[in-house]
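A single part of it will be looked at closely.

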Amino acid sequence: MPESRQRKKADFTPPVTTRRPVRVGTRRWVAPIMVTLWLVGLAWIVVYYIVPGLPYLREIGNWNLAVGMVLIAAGFVFATRWE
């Protein structure tokens, strides 16, 4: 029985892309802001407990804990953006 003729296949050439490459990594300002927010939040709470007589800290009372915790939580929000 005769065999059928084999077709010649063309060599594969990848299509030309003009897309810009995707940027891998994170922006440089994320890590410093994250650490700064953590340290400022911690410092706010520590200063509130060590020096309770400061006028601006005395005015808001126990809300100083909330301010410090919000700063620390904002640092954790920036931590989710860090790669």
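Q: Please look closely at the place where helix α1 and helix α3 pack. At what angle do they pack, how far apart are their axes, and which kinds of residue make up the contact?

A: This is a predicted model, in which local features need pLDDT of at least 70 and side-chain atom pairs count only at pLDDT 80 or more, while totals for chains, interfaces and linings use all residues. Residues are numbered from 1 along each chain as its sequence is written, and side-chain values use heavy atoms, with hydrogens and water left out.

First, the setting. The chain has three helices and zero strands (DSSP runs numbered from the N terminus: helices are H or I of at least four residues, strands E of at least two). Along the sequence, the pattern reads α-α-α.

Now the packing itself. Two packed helices are described by the angle between their axes and the distance between the axes. Helix α1 covers residues 30–50 and helix α3 covers residues 63–81. Their axes are 8 Å apart, and the packing angle is about 165° (axes are lines fitted to C-alpha atoms over the stretch in contact, and angles run from 0 to 180 degrees between N-to-C directions). That angle makes α1 roughly antiparallel to α3 (the term applies over 145 degrees; under 35 is roughly parallel, 65 to 115 roughly perpendicular and the rest oblique). The crossing of α1 and α3 is left-handed, meaning that the near helix is turned anticlockwise from the far one by less than a right angle.

Sorted by class, the contact of α1 with α3 has 20 nonpolar residues, four polar and one charged (nonpolar: Ala, Val, Leu, Ile, Met, Phe, Trp, Tyr, Cys and Pro; charged: Asp, Glu, Lys and Arg; polar: the others, Gly among them). A glycine of helix α3 can be looked at in more detail. Gly-68 is found in that helix, α3, and is buried, with a relative accessible area of 0% (buried is under 20%, exposed over 50%, partly exposed in between, with a 1.4 Å probe and protein chains only). From Gly-68 to Leu-42 the C-alpha separation is 6.3 Å, although these residues are 26 apart along the chain.

Next come the ring pairs. The count of aromatic pairs is three (rings of Phe, Tyr and Trp, its six-membered ring, with centres within 6.5 Å; planes under 30 degrees apart are stacked, over 60 edge-to-face, the rest tilted). One of them joins Trp-29 and Phe-78 edge-to-face, at 6.2 Å centre to centre with 75° between the planes. Trp-29 lies in the segment before α1 and Phe-78 in helix α3, so this pair ties together parts that are 49 residues apart in sequence. Both partners are partly exposed: Trp-29 has a relative accessible area of 40%, and Phe-78 has 23%.

Another pair, between Trp-38 and Phe-76, is tilted, with 5.2 Å between centres and 55° between planes. Here Trp-38 belongs to helix α1 and Phe-76 to helix α3, so the pair ties together parts 38 residues apart in sequence. Trp-38 is partly exposed, at 28% relative accessible area.

Finally, the surroundings. Arg-28 is found in the segment before α1 and is exposed, with a relative accessible area of 79%. The C-alpha trace of the chain spans about 105 × 30 × 15 Å along its principal axes. Of the 83 residues of the chain, 13% count as buried.
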